[in-house]
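Please examine the structure below before reading on.

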Amino acid sequence: MKIEQITLHHIRQRLVTPFVTSFGNEQDRECLIVEMRSAGLTGWGECVAATFPGYSYETVQTAGHIMADFLIPALLEAEISEPADLLTLFHFVRGHPLAKAALEQAVWDLIAQREGLSFAAKLAQPYPEGPRERVKVGVSVGIQPDINSTIQTIAGYLDQGYGRVKLKIKPGRDVAEARAVRAAFPDLMLMVDANSAYTLADVATLQALDPLDLLMLEQPLGYDDIFDHSQLRPQIKTPLCLDESIHSADHARYALALGACDIINIKPARVGGWETARRIHDLCRANDVPVWCGGMLETGIGRAGQLALAALPGFTLPGDISATARYYAEDITPPFTLNEEDSTQTVPTSPGLGVVVDRQQLQKETLHKSVFA
Ligand code: OSB
Ligand code: MG
């Protein structure tokens, strides 16, 4: 397959509510939408790099540069037969997984369409059971102005049918907050995400979460650390999950070998794409380590990709894959909705990503557009 043309749409969307974490505050989310043409088909991808390097060192600007000046020229020259070909093709660029994953997503979309398969079915080809039809999902709740509004916000999401809540924490807004939420919702499937805001000097604080029956504690320590997490794990009772520090299948292997985590959050973008995401899934599954699909406040394009990944058999914990309405009043695809009876979302089944992009809305949100051929 030859890629004939690639367009990068730099878009900005207003979040329905600001998203506050230990690393920053987001009200208007920007991202790059990849549109790729080959043999009469159009494939789509989403680059989830943000405007500031808080979660990842990549930003919209650096990802645009890496794609425009290195990855896209290589892709336009290449002959592709499977998405995995991109791992070799892009190997010459070190790092920049968010930029690589966005292009890989559009290639998966094109190849799945060419084969008449949904992205989920294409991704699940190696597994006899095939993809799940519905995947369990939860909601990620940013840091609110105070404990009362945290409880109000969570109550609102529970009303909508979400069965799992992830609460963002940071120093000073952790134990008391989580304790209050637990007291208000004794049976809630509750977890916390620290986004690397602590160090081993904070073990006592993290141990104070032990009695709260949390599903997991996500990435408390350094964004580039695996070793210190292995030192923390035996000192706490809450299952430990890694997000920021896993960027490759090798990192996942190191984490399991060091006993650094009980669970891995797999974000296809953070690991450079769906091929690597699937390899991490396979490694974890072989080692009985549960995985779940993380989120980056995606548009419907990214969300379709999350649902395809979370449909793999080893994704046994609810993903950060909320309904469109939790993020955006209007989106560039038709809205994704929650199946409130079982806190799931339905995996798209039409060929490729299975979403129809609303070009008028895309154009409305576009700040800048570049075309490569
Ligand atoms: O740490 O999982 C995270 C959003 C942006 C950056 C990092 C994270 C998040 C979320 C949101 O938690 C998950 C979602 O998309 O709903
Ligand atoms: Mg996280």
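Which handedness does the crossing of α9 and α10 have? The crossing of α9 and α10 is right-handed (the near helix is turned clockwise from the far one by less than a right angle). This is a predicted model, in which local features need pLDDT of at least 70 and side-chain atom pairs count only at pLDDT 80 or more, while totals for chains, interfaces and linings use all residues. Residues are numbered from 1 along each chain as its sequence is written, and side-chain values use heavy atoms, without hydrogens and water.

**Helix packing**
- Helix α9 (residues 249-258) packs with helix α10 (residues 274-286) at an angle of about 20°, their axes lying 9 Å apart.
- α9 is therefore roughly parallel to α10 (angles under 35 degrees).

**Salt bridges**
- The structure holds 24 salt bridges (a side-chain nitrogen of Lys or Arg within 4 Å of a carboxyl oxygen of Asp or Glu).
- Arg 29 forms a salt bridge with Glu 46, with the closest N and O atoms 2.8 Å apart.
- This pair links strand β2 to strand β3 (residues 41-47), 17 residues apart.
- Arg 29 is buried at 2% relative accessible area, and Glu 46 is buried at 3% (buried means under 20% relative accessible area, 1.4 Å probe, protein chains only).
- Glu 35 and Arg 359 meet in a salt bridge of 2.7 Å, N to O.
- Glu 35 in strand β2 and Arg 359 in helix α13 (residues 359-365) are 324 residues apart.

**Surface**
- Phe 227, Tyr 254 and Leu 258 make a nonpolar surface patch of about 300 Å² (residues with over 30% relative accessible area and no salt bridge, nonpolar side chains being joined within 5 Å).
- Phe 227 is in helix α8 (residues 227-232).

Notes
Chains lettered and ligands numbered in written order. Patch = residues over 30% accessible without salt bridge, like charges linked within 9 Å, V, L, I, M, F, W, Y side chains within 5 Å. Areas by Shrake-Rupley, 256 points an atom, 1.4 Å probe, with all protein chains shown as cover. Helix = DSSP H or I, 4+ residues; strand = E, 2+ residues; numbered from the N terminus. Axes fitted to C-alpha atoms, helices over the stretch in contact; angles between N-to-C directions. Parallel < 35°, antiparallel > 145°, perpendicular 65-115°, else oblique. Buried < 20%, exposed > 50% of the residue type's maximum accessible area, 1.4 Å probe, protein only.
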